[in-house]
Amino acid sequence: MVVILIDGPSGSGKTDLAATIVRRWSGPDVPQVVHLDDVYPGWGGLRAASEHVVTELLRPLRDGGAPRWQRWDWDRDELAEWHSVDPSRPLLVEGCGALSRASAPLSDLAIWVETDDVERRRRAIARDGEAYERHWDEWEGQWSAFVAAEDPRSLATLVVPT
């Protein structure tokens, strides 16, 4: 089982890179993708999603358990259904908070994606619109705290500028 983690700030190109990897995958089994946007428990949930991926998905996967993750229902603002992951297939986890001191040792490849702050904000707002713009400062605050605590860029085995 190959585990790839893709992290970087919002709007840096993580989702696009994940889609490119899946599209160009040459192995027999295309990677399963977990988007942390589906896991964050609300706008203040970056740290919680990062920890959830380690405890519910990556550790069980490496320990021979039942890897899974729980979706957040953004419309209802509550936890939703659980999703199982096939432990025999490659796994790609992408999103802010995917790469931490706890997750890095559980991965085979850790990728950091980056671009300048003006461009990434432009991309994020173009992608998600006014809903995200209202929460930009809140998200950036928790992102900055996560980066200060975890230093995910230093944990990456590959840095990709976009």
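Which residue forms a salt bridge with Asp 117? The partner is Arg 120, and the closest N and O atoms of the two are 3.0 Å apart. A salt bridge here is a side-chain nitrogen of Lys or Arg within 4 Å of a carboxyl oxygen of Asp or Glu.

The model is predicted: local features need pLDDT of at least 70, side-chain atom pairs count only at pLDDT 80 or more, and totals for chains, interfaces and linings use all residues. Residues are numbered from 1 along each chain as its sequence is written, and side-chain values use heavy atoms, with hydrogens and water left out.

**Salt bridges**

| Pair | N to O distance | Placement |
|---|---|---|
| Asp 117 and Arg 120 | 3.0 Å | helix 3, 3 residues apart |
| Glu 119 and Arg 123 | 3.0 Å | helix 3, 4 residues apart |
| Arg 68 and Glu 56 | 3.3 Å | strand 3 and helix 2, 12 residues apart |

Helices (H or I, at least four residues) and strands (E, at least two) are DSSP runs, numbered from the N terminus. Asp 117 and Arg 120 are separated by about one helical turn, and about one turn of the helix also lies between Glu 119 and Arg 123. In the pair of Arg 68 and Glu 56, distant parts of the chain are linked: strand 3 covers residues 68-73 and helix 2 covers residues 46-63.

Asp 117 is exposed at 54%, whereas Arg 120 is buried at 5%. Glu 119 is partly exposed at 22%, and Arg 123 is partly exposed at 26%. Salt bridges that share partners join Arg 71, Asp 73, Arg 76 and Glu 81 into one network.

**Largest pocket**

The largest pocket has a volume of about 440 Å³. Of its 21 lining residues, the closest to the centre are Ser 10, Asp 37, Arg 127, Asp 128 and Tyr 132. Helix 1 (14-24), helix 3 (117-128) and helix 4 (130-133) each give two or more residues to the lining, and helix 3 gives the most, with 4 residues.

On a 1 Å grid over the protein atoms alone, a pocket is an open set of points where a 1.4 Å probe fits, with protein on both sides within 12 Å along at least five of seven lines; lining residues have an atom within 4 Å of a point. Grid points are joined across faces, edges and corners, and the volume is the space filled by probe spheres set on the points.

How values were computed: Buried means under 20% relative accessible area, exposed over 50%, partly exposed in between (1.4 Å probe, protein chains only).
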